[in-house]
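Have a look first, then we'll check the names against their cut-offs.

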Amino acid sequence: MIFATAGHVDHGKTTLIHALTGQDTDRLAEEKRRGLTIDLGFAWSRTESGHWLGFVDVPGHEKFIRNMVAGVAAVDAVMLVIAADDGPMPQTREHLAILDLLGVETGLVALTRADRVGASRLAEVTEEIRELLADTGLATAPVFPVSGLTGEGLPPLKAWLAEQAIVDHQKASSLAAGTRFVVDRSFSVPGRGCVVTGTLIAGTLSREDALRVAPTGHPIRVRGLEAHGETVENLGAGQRCAINLAGNVSADNIHRGDWLVTPWLHRPTDRLDVGLALLPETRLHRGTFQAHLGAAVRSARVVVLDEGQSDRPMLAQLMLEQPVQACVGDRLILRDPALNRTIGGGEVVDPFGEGRGRSAEKRVQLLRILLESRAFATVHSETDGPRARLQASLEAYPEGVDVDRLAAAENLPQERLETVLADLEPVIVQTATGPVGFAPGRWAALQTRVLEQLDQWHQNHPDQIGPTEPELTRLPGIRLQQELRHELLHPLLATGAIARNGFRFHRPGHQPELTEADQRLLGQVMAELEGTGLKPPIVGEMAEALGLERESMLTFLERMHRLGFLVAVAPNRFYRPETVTELAAIAVELAESSPTGAFDARAYRDRSGIGRRLTVSVLEYLDRAGVTAFINEERRLQPAYRRRVAVTLSTPSEKGYTARP
């Protein structure tokens, strides 16, 4: 269990820790010279029952408040130190406000220098302390009059600490989570390399674990672990330790405020949507604030999303100048650097805040639900929170939810994520960037809207075969990426609800209407294209064969392309839609049979037999159609085609169209 000291400068925090542990937490020469704690200090002791107690000694001077916040950001409890002769002082109050904003509710008050005052003064200052704590999370904290110099009052204080260590050990969470280690110090040790110290916030640590430094992304390996001065093989959440790192990282490029995380958790973010509470007589402004998250400090601008009310906190977005690592529920402190004053704090509601639409009513309502589900889960069960938040997100976003991003936000490893997903049974679509989840009702509604849109298209464009995939799935307010569009249309194709002709879709019973003249000429064009395979005649050859002027022929062919009866692969080449499907199938075959997943123009030319010049035109068309992408002089399949190619074609009638009466 880890306790942090807090309190006004020169109230005896360091002396008290020395009396409890026998260790001096002032390690800097300047600290010893000035008799003043400047940076974080660490000490530990073992209780009679065998449990470890860790102590983080934080500075009490207002000039070093940044170090103080870093020290209390990852602790289990607090030891608020108040001198009996002075009583509560300005930094006592600011430290207490910071602790309350961070949600620290376990702790005690050490009433130091008790040997200097009489019983009446002890009673008086104890009453002041009770009034000070009344509206905070430490309202019921015990008060222990002690002296770090004489040892007065230390036995009952030690007994209380030992009891809390037992309680903390019994309530240790068994929930699986990804590793999150917050770094508060880094240095080099000759012969061993980079060493960092800090606190394991979540998950476990073992020798040889592969981790990432966040937010930089450096891959590292745990070479060795040391806790309380002893070498250990593994550690659980809530423990402080020193880690000897292996990898391409040194003490010069890992700093206080960085994190060591499981690789799948490494998602740096510079927009945090937070629930924010302001301290009395403070206000927000358009300037820059300091956001303290974990041991990190970032300059940030604050955008209010919802003012909140007396019974619920404000919702805001912090736009950070540098990225951080964050998860749902992380606590933070907001300070005004110009005034050197703490103005508020709160918790992360969504570590991946939206850029566009952040203040939209739908988004604000979702954030409010997410925040309330955090409070519910705290009272009921930790497993209910992720389930409720995923369900709310699925309902709020018909375009789908990035499942991996949600897992990183919630720190849900695969086994816990699968449990949550099994309870909700969302529709999961695998994409190149990871799975995307849809609420079952939302997915079914999307398919219904596709059918409605297709019916409306046929009504508005009776002379066209049908829309292309992007046109068909361009639903109001929804933008689906190509892979999601394919997955949305595939079951509709499989069940026969829609049919596909080349790259256009239509209802199975739809027959485009043409004038008799267009019908007759299109029939002649189709007859000329029949039997030409993958290399149809150019426009001039087509015009000569049908006895037409080239410009008239080109105008007609371009119109048939717009209506969907033909496909203009190049300005001078028009294909039947089913032939274009064959062109795409060749690209898929070449890519899937290639060891690298790529092919070049020569391979396509040899496989298709259409010649070099036409090959270039065809490949450029496939790029435009979203089948392939041209990367480093080679073609690769777009992600959607790499997984599934919807090549279902309609079963056309004899001509595929009817004459307009």
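**Labels and what backs them up**

Q: Which residue stands opposite Ala4 in β3?
A: Val56 stands opposite Ala4. This is a predicted model, where local features need pLDDT of at least 70, side-chain atom pairs count only at pLDDT 80 or more, and totals for chains, interfaces and linings use all residues. Residues are numbered from 1 along each chain as its sequence is written, and side-chain values use heavy atoms, with hydrogens and water left out.

Q: What makes β1 and β3 a pair?
A: Two strands (DSSP E runs of at least two residues, numbered from the N terminus) pair if DSSP finds at least two bridges between them. Strand β1 (residues 2-6) and β3 share 3 bridges and run parallel, so they meet the rule of at least two.

Q: How do you know that β2 also pairs with β3?
A: Same test: 6 bridges join strand β2 (residues 41-46) to β3, and here the strands run antiparallel. Ala43 sits opposite Phe55 in β3. In the hairpin of these two strands, with 5 residues between them, Gly50 takes a positive phi near 95 degrees.

Q: Why is β3 described as mostly covered?
A: Buried means under 20% relative accessible area, with over 50% called exposed and partly exposed in between (1.4 Å probe, protein chains only).

Q: What makes β2 and β6 the edge strands of their sheet?
A: The open sheet has 6 strands in the order β2-β3-β1-β4-β5-β6, with mixed pairing. Both β2 and β6 (143-145) pair on one side only. On average, neighbouring strands are turned by 25 degrees against each other, direction ignored. Further along, strand β5 (residues 107-112) pairs with β6 in the parallel sense over 3 bridges, and Ala110 has Phe144 as its bridge partner in β6.

Q: Which strands does helix α4 touch?
A: Helix α4 (residues 90-101) packs on the sheet and touches β1 and β4 (77-83). Its direction makes about 165 degrees with that of β4; angles like this run from 0 to 180 degrees between N-to-C directions, with axes fitted to C-alpha atoms, for helices over the stretch in contact. Helix α5 (residues 119-133) packs there too, touching β4, β5 and β6, at about 150 degrees to β5.

Q: Where are the edges of the 3-strand sheet?
A: This open sheet has the order β22-β24-β23 with antiparallel pairing. Its edges are β22 (401-402) and β23 (427-431). Strand β24 (residues 434-438) is joined to β23 by 5 bridges, and Val429 faces Val436 in β24.

Q: Why does Thr579 count as buried?
A: Its relative accessibility is 7%, so Thr579 counts as buried. Thr579 sits in helix α17 (residues 577-593); a helix is a DSSP run of H or I with at least four residues. Leaving aside neighbours within four places in sequence, Thr579 is in contact (heavy atoms within 4.5 Å) with Gly533 and Leu534.

Q: How many charged residues are in the lining of the second largest pocket?
A: There are 11 charged residues, alongside 15 nonpolar and 9 polar ones. Asp, Glu, Lys and Arg count as charged, Ala, Val, Leu, Ile, Met, Phe, Trp, Tyr, Cys and Pro as nonpolar, and the others, Gly among them, as polar.
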